[in-house]
Amino acid sequence: MEVTFVIIDDNKEIEEHPLLFTLEDKFKNVKFYSNPQEGLDYIKNNLEINLIVLLDIEFSKDDNMDGHDLLREIHNSSTLIPVILWSGINQTNEEFSDFINNRAFGFLSKDCSLEEAMQIVDKAYNNLKNSLDNIIEDWIISNESDKDKPIYFTSSGESYTLNEILKEIRLQTPIGKEFSSKLNSLTIDLLLRKKENL
């Protein structure tokens, strides 16, 4: 599975942090943005690929948004992107509550060990790898002839191929969300009726 790691931090010195070198060795595709708006624009324009975000919390006063705003914007664009918060400051309970409500994947202190950081990064990678969209993508790679077969039909008569459904899920469209929800319900129903075994 290919992943692009997006780091949004206005401290350019952080580009020399050992974690960033490790991420570049492991993921190859690492994008660094010191401007939070540019980082957010990249994420919004690339929802069709696998993204993991490492997000600083505090930005300079010249920036119009901080980590709270960015996390909210990312979550509103897609709930599929693991966002790991990365900060050198201590957060209050209220601030952590805000992060939890916007579903931050995890929190890293900038002075944590490389091992501690990679544990959370690996957890985010595995979470992404086991998501529905990546399971569909793996199926398409292994069974390419299936990608253009219609698999989902709406009540209004529209049909979607497996490849189209993958795109709809990653873009978090109403069709993508509807398909994901119905597929989960179908799976539970089949398991309860013992028509399928995992």
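Which loop does Lys-28 lie in? Lys-28 sits in the loop between α1 (18-27) and β2 (29-33), with helices (H or I, at least four residues) and strands (E, at least two) taken as DSSP runs numbered from the N terminus. Keep in mind that this is a predicted model, where local features need pLDDT of at least 70, side-chain atom pairs count only at pLDDT 80 or more, and totals for chains, interfaces and linings use all residues. Residues are numbered from 1 along each chain as its sequence is written, and side-chain values use heavy atoms, leaving out hydrogens and water.

**Positive phi in loops**
- Lys-28 isn't a glycine, yet its phi is positive, at about 65°.
- Lys-28 counts as exposed because its relative accessibility is 62%; exposed means over 50% relative accessible area, buried under 20% and partly exposed in between (1.4 Å probe, protein chains only).
- Gln-172, another residue other than glycine, has a positive phi near 55°.
- Gln-172 lies in the loop between α7 (162-170) and α8 (174-192), and at 15% relative accessibility it counts as buried.

- In β3 (residues 51-56), 6 of the 6 residues are buried, so the strand is largely enclosed by the rest of the structure.
- Leu-51, Val-53 and Leu-55 are buried on one side of β3, and Ile-52, Leu-54 and Asp-56 on the other.

**Pairing and crossover**
- β3 pairs in the parallel sense with β1 (residues 4-8) over 5 bridges; pairing takes at least two DSSP bridges between two strands.
- Thr-4 stands opposite Leu-51 in β3.
- β3 also pairs with β4 (residues 83-87), again in the parallel sense, over 4 bridges, and Asp-56 stands opposite Trp-86 in β4.
- β3, helix α3 (residues 67-77) and β4 form a right-handed β-α-β unit: with the strands pointing away from the viewer, the path from the first strand over the helix to the second runs clockwise.
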